[in-house]
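Here are some exercises to work through with the model open beside you. Try each task before you read its solution.

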Amino acid sequence: MAPSSVALLALCLLLPLLLLGGWKRWRRGRAAQHVVIVVLGDVGRSPRMQYHALSLAKRGFSVTLLGFCNSRPHHELLQSDRIQIVKLMELQSPAVGPPVLRYGVKVVFQTVYLLWKLMWREPAAYIFLQNPPGLPSIAVCWFVGCFCGSKLVIDWHNYGYSIMGLVHGPKHPLVLLAKWYERLFGRLSHLNLCVTNAMREDLAENWHIKAVTVYDKPASFFKETPLDLQHELFMRLGCTYSPFRACSEPSGPAIERSAFTEKDACTGVVTRLCRRPALLVSSTSWTEDEDFSILLAALEEFEQRASDGDSLPSVVCVITGKGPLKEHYSRLIGQKQFQHIKVCTPWLEAEDYPLLLGSADLGVCLHKSSSGLDLPMKVVDMFGCCLPVCAVNFKCLHELVKHGENGLVFEDAEALAAQLQMLFSKFPDPAGKLNQFRKNLRESEQLRWDESWQRTVLPLVMDT
């Protein structure tokens, strides 16, 4: 094809975009209160971006939230008349060909598809983008922002290349390409938010990106669960998951019993069972940055001590979430011959997850940041419910978990097993360390997401 023909073809392809971009810039004045939020992932499993949407809507912005809809978002998001959720189609990598080619096909599809979805949306003053994943969304959102006069805000939850490095290794060409891409296009954003001070410093020092730390904070619905709601939750979950069902028959026909509570149908009074099991909770996306073999090994040690006659309760361990390694760990769990421990791996509705955390006795976090610079939001949610936590240690965990004050930090399975035995010794003990941690959490002044957002993010979007 002659060079002139190539130039003419390129012009024909670009002209509609140029005209559309000019038209949207002209219309942008009428869309100053409109924000687009992009999540190239499951909206229901992206709580921080849901919270951004809710906070923006409360301040009078209309919000369009684009993302995959594999699980249901929180009901507040669905009920807001200022928030529109636009479902993105998710392309699975083709099953044939080398991995690099399959990944390339997926990226090209996502680029064209996301570009089309964004260009034909109502013009927005801001495009909020979750990163990771940032390939190809950072470049696409920047391009759309240039055409439509929208300002790009990147919310750095982690580095995408570091997560890829867990699978392929840090020196893999794809990982190095992703790092170059993130560094290049990340600098083109108008505003940058991040989740820790450690990440803010790393972005400034190594990426020359100025960011504002916006710590994850629990939403208002993460709180201790009243006993009557705990009972309702346990009875509802017991219909599907046997660990929540009563181990013995109730003392009378008017008594309704779960594994943890019983309700007198005549008076409506709910009480905790005297010899109830301890409720241990963890949540996960079942990915490479969480090693659940640590928890399983700790539970085996706990089982052995309980079998040897130590003063330990039986334990119901609930691990919530979806992800690629769930089947692998479910097989490992199924092979265990526990007598004092029951493990179940449910997927909970968005409204039930805070209720479960608010009903539990102890949380466990196995999140090890791929970059060492992000913090586990599950711990934030647990603290919102005044739930003490045992968390595996990594570089910046001290920004969230204060060892010996609101929980404990461990390095390996042996240390976690020792912590479980110490915390659950003579359970439930009102004078025990577990209740002391809970008391400390109740007394601490925990800032909620919306208050924190109003102080940190709102001035940024109002002043620029």
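**Exercise 1. Work out how domain 1 and domain 2 meet.**

Start with the contacts: 19 residues of domain 1 touch 15 residues of domain 2, where contact means heavy atoms within 4.5 Å. Before going further, note that this is a predicted model, in which local features need pLDDT of at least 70 and side-chain atom pairs count only at pLDDT 80 or more, while totals for chains, interfaces and linings use all residues. Residues are numbered from 1 along each chain as its sequence is written, and side-chain values use heavy atoms, leaving out hydrogens and water.

Next, find the two parts. Domain 1 is made of 55–70 + 81–89 + 113–217 + 447–463, and domain 2 of 277–445; these bounds come from an automatic or database domain assignment. Their C-alpha centres are 30 Å apart.

Now the area. About 1300 Å² is buried between the two domains, with carbon and sulfur atoms giving 58% of it. (Buried area is the accessible area, with a 1.4 Å probe, that two parts lose on being put together, summed over both.) On the domain 1 side, L166, T196 and D216 lose the most, together 33% of what that side buries.

Finally, look at the polar side of things. There are eight residue pairs in polar contact between the domains, both residues at pLDDT 80 or more. A polar contact is a pair of N or O atoms within 3.5 Å; within protein, one must be able to donate a hydrogen and the other to accept it, and residues adjacent in sequence count only if both atoms are side-chain atoms. Salt bridges between the domains number zero; for those, a side-chain nitrogen of Lys or Arg must be within 4 Å of a carboxyl oxygen of Asp or Glu.

**Exercise 2. Is L373 buried or exposed, and what does L373 touch?**

Helices (H or I, at least four residues) and strands (E, at least two) are DSSP runs, numbered from the N terminus.

Second, check accessibility. L373 has a relative accessible area of 4%, so it is buried. The cut-offs are under 20% for buried, over 50% for exposed and in between for partly exposed (1.4 Å probe, protein chains only).

Third, list neighbours, skipping residues up to four places away in sequence: among them are Y159, V195, T196 and K395.

**Exercise 3. How many residues of helix 13 are buried?**

Count along the helix: eight of the eight are buried, so helix 13 is largely enclosed by the rest of the structure. Then see what surrounds those residues: they pack against several elements, including helix 2 (47–58), strand 11 (278–283) and helix 15 (433–443). Just past the end of helix 13, C386 has a positive phi of about 55°.

**Exercise 4. Follow some of the 15 salt bridges in the structure.**

Side chains of opposite charge can pair when their charged atoms come close. Take R48 and D216, which meet at 2.6 Å, N to O. R48 sits in helix 2 and D216 in the loop between strand 7 (212–213) and helix 9 (227–238), 168 residues apart. Both are buried, and D155 joins them in a network of salt bridges.

Now try R72 and E349, whose closest N and O atoms are 3.5 Å apart. R72 counts as partly exposed at 39% relative accessibility, and E349 is partly exposed at 41%.
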